[in-house]
Amino acid sequence: MRHEGSCLCGQVKFIVEGDFEQFYLCHCERCRKDTGSAHAANLFSSTARLVWLSGEDLLRTYNFRGEGHIKSFCTHCGSALPNLQMEGKLLVVPAGSLDSDIPIRPQGHIFTARKANWDEHLEGITAFDELPVE
């Protein structure tokens, strides 16, 4: 399987060759800070290969306190990008960085005991197709 991805500004482009084994939505404090949202949505693979097509020089990687909470991003637009972890044995791909369809659905929410207090019963709030005009 081949997956294409890029950052928001389009200067960084990549492909992932192979399959994803896991897909989780993480609600921990660090992932919420990384994304500015309720959770991170990350795909994981121990067998897929990451190939940078352009903009690799714009890529930066941050390892929080050297503890293994790793985020890679485009230095031009700030978009989250894939990274290799566990000494290159694990590829982590932010789901939103992919431009192609994702063949698997999330397998679960993780670290839900640490989720934000406002992250409850969101399926019941009003949904808009676009920005609402008042």
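**Close-ups of a predicted model**

Trp-52 is buried, at 19% relative accessible area (buried means under 20%, exposed over 50% and partly exposed in between, using a 1.4 Å probe and protein chains only). This is a predicted model, where local features need pLDDT of at least 70 and side-chain atom pairs count only at pLDDT 80 or more, while totals for chains, interfaces and linings use all residues. Residues are numbered from 1 along each chain as its sequence is written, and side-chain values use heavy atoms, leaving out hydrogens and water.

**View A. Phe-14 and Trp-52 form an edge-to-face aromatic pair.** By the ring rule there are three aromatic pairs (rings of Phe, Tyr and Trp, the last by its six-membered ring, with centres within 6.5 Å; planes under 30 degrees apart are stacked, over 60 edge-to-face, the rest tilted). For Phe-14 and Trp-52, the centres sit 5.7 Å apart, with 70 degrees between the planes. Phe-14 counts as buried, at 1% relative accessibility.

**View B. Tyr-62 and Phe-64 make another edge-to-face pair.** Their ring centres are 6.5 Å apart and the planes meet at 65 degrees. Tyr-62 is partly exposed, with a relative accessible area of 45%.

**View C. Three strands make an open antiparallel sheet, in the order β1-β2-β5.** Strands pair here if DSSP finds at least two bridges between them. β1 (2-6) and β5 (49-54) are the edge strands, each pairing on one side only. β1 and β2 (residues 13-17) run antiparallel over five bridges, and Glu-4 stands opposite Ile-15 in β2.

**View D. The largest nonpolar core has 19 residues.** Such a core is a set of buried Ala, Val, Leu, Ile, Met, Phe, Trp, Tyr and Cys residues joined through side-chain atoms within 4.5 Å. Val-12, Phe-14, Val-16, Leu-43, Trp-52, Leu-81 and Val-93 touch the most other members. β2, β3 (22-26), β5 and β10 (90-94) each supply at least two of its residues.

View E. Pro-94, found in strand β10, is buried at 13% relative accessibility. Pro-94 and Leu-81 are 13 residues apart in sequence, yet 6.2 Å apart from C-alpha to C-alpha.

Notes
Helix = DSSP H or I, 4+ residues; strand = E, 2+ residues; numbered from the N terminus.
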